[in-house]
Amino acid sequence: MEKISVAFVDDHPVLLEGLVANFSARADYSVVGTGVCAGDALVVASRERPDIIVIDLNMPGDSFEAISKIPQYSPQTKVLAFTASAGIDYAVRALEAGVSGYVLKGSTANELCEAIQKVLTGETFITPSFATKVIVALRDASLRKIAARAIKLSLREDQIVKLLLRGRTNKEIANQLNISEKTVKHYMTLLMQKLNVRNRLEVIIAAQKLGEEYREREPGRANFVN
């Protein structure tokens, strides 16, 4: 099986060394390059043409410009932002510049691997706890729709969201879906966690802002399950 070629660009030496060591030890990865500034990302892309470049946003040089230029040097290379920046503006700028994934540095190495795998299969990955805020802030509707895939609702959660958007109470939802009110409350708790909101009203607002997908798809289909 051919290994995934990956490059890391980050100006924190300890973190960079840790990433290289971790991924070099994995049988399905090959670390083909490293860098410490935005300019290095372009050099690595041009010289090594990796499957994916994992790049920090807060380092010397213009990381966003480098992200937008990487396809000129290596069209097949995917770009994933791995950063401590939990600012919405940073995430929106990175996605609009061309990253296929946005992972916060509080994530584990296995979570980073999951993000890389999804990005390489053509998906967009955003750290789930951060995804809703990013989607709401995105100005580009097509990017917003793509980014929404980061939030995966189960079939039952999807059904409940649809009924919430129609103004149904918990009791009405329970009766329509033939489940108990206690079960509805359980799913509401799960939805609040997934959508990173605090209450029922914010679940409804977040769902509305995610776009028209809830209303466009067939009744009962899970909108965000691939």
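Of the 226 residues of the protein chain, 46% count as buried, where buried means under 20% relative accessible area, exposed over 50% and partly exposed in between, with a 1.4 Å probe and protein chains only. The model is predicted, so local features need pLDDT of at least 70 and side-chain atom pairs count only at pLDDT 80 or more, while totals for chains, interfaces and linings use all residues. Residues are numbered from 1 along each chain as its sequence is written, and side-chain values use heavy atoms, with hydrogens and water left out.

**Overall composition and confidence**

- The protein chain contains 12 helices and six strands; helices (H or I, at least four residues) and strands (E, at least two) are DSSP runs, numbered from the N terminus.
- Among contacts in the protein chain between residues at least 6 apart in sequence, 65% join residues at least 24 apart, a contact being heavy atoms within 4.5 Å.
- The mean pLDDT of the protein chain is 83, and 84% of its residues reach 70 or more; pLDDT is the predictor's confidence in each residue, from 0 to 100.
- Over residues 212-226 the pLDDT is below 50, although this stretch has 41 contacts in the model beyond near neighbours in sequence.
- Where pLDDT is low, the predicted coordinates should not be read in detail.

**The sheet**

- Six strands form an open sheet with parallel pairing, in the order β2-β1-β3-β4-β5-β6; two strands pair if DSSP finds at least two bridges between them.
- β2 and β6 (125-126) stand at the edges with a single partner strand each, so one side of each is left without a neighbour in the sheet.
- Strand β4 (residues 78-83) pairs with strand β5 (residues 101-104) in the parallel sense over four bridges, and Gly101 in β5 is the bridge partner of Leu80.

- All six residues of strand β1 (residues 4-9) are buried.
- Both faces of β1 are covered, with Ile4, Val6 and Phe8 buried on one side and Ser5, Ala7 and Val9 buried on the other.
- Six bridges pair β1 with strand β2 (residues 29-35) in the parallel sense.
- The chain passes from β1 through helix α1 (residues 13-24) to β2 in a right-handed β-α-β crossover; right-handed means that, with the strands pointing away from the viewer, the path from the first strand over the helix to the second runs clockwise.
- Opposite Ser5 stands Ser30 in β2, and opposite Ala7 stands Gly33 in β2.
- β1 is also joined by four bridges to strand β3 (residues 52-55), and the two run parallel; here Val9 stands opposite Ile55.

**Helix α2**

- Ala38, Ala41, Leu42, Val44 and Ala45 are buried in helix α2 (residues 38-48).
- These residues lie on the same side of α2 because they cover an arc of only 165 degrees around the axis; the arc is that of the directions from the helix axis to the C-beta atoms.
- An α-helix has 3.6 residues a turn, so residues three or four places apart point the same way.
- The cover over the buried residues of α2 includes β1, β2, β3 and α3 (63-73).

**Positive phi angles**

- Most residues other than glycine have a negative phi.
- Arg49, which follows α2, lies in the loop between α2 and β3 and has a positive phi near 45 degrees.
- Arg49 is partly exposed, with a relative accessible area of 43%.
- Asn178 is not a glycine, yet its phi is positive, at about 60 degrees.
- Asn178 is placed in the loop between α9 (170-177) and α10 (181-195), and at 72% relative accessibility it counts as exposed.

**Pro71 in helix α3**

- Helix α3 contains Pro71, which is partly exposed with a relative accessible area of 42%.
- Pro71 and Ser46 are 25 residues apart along the chain, and their C-alpha atoms are separated by 9.4 Å.
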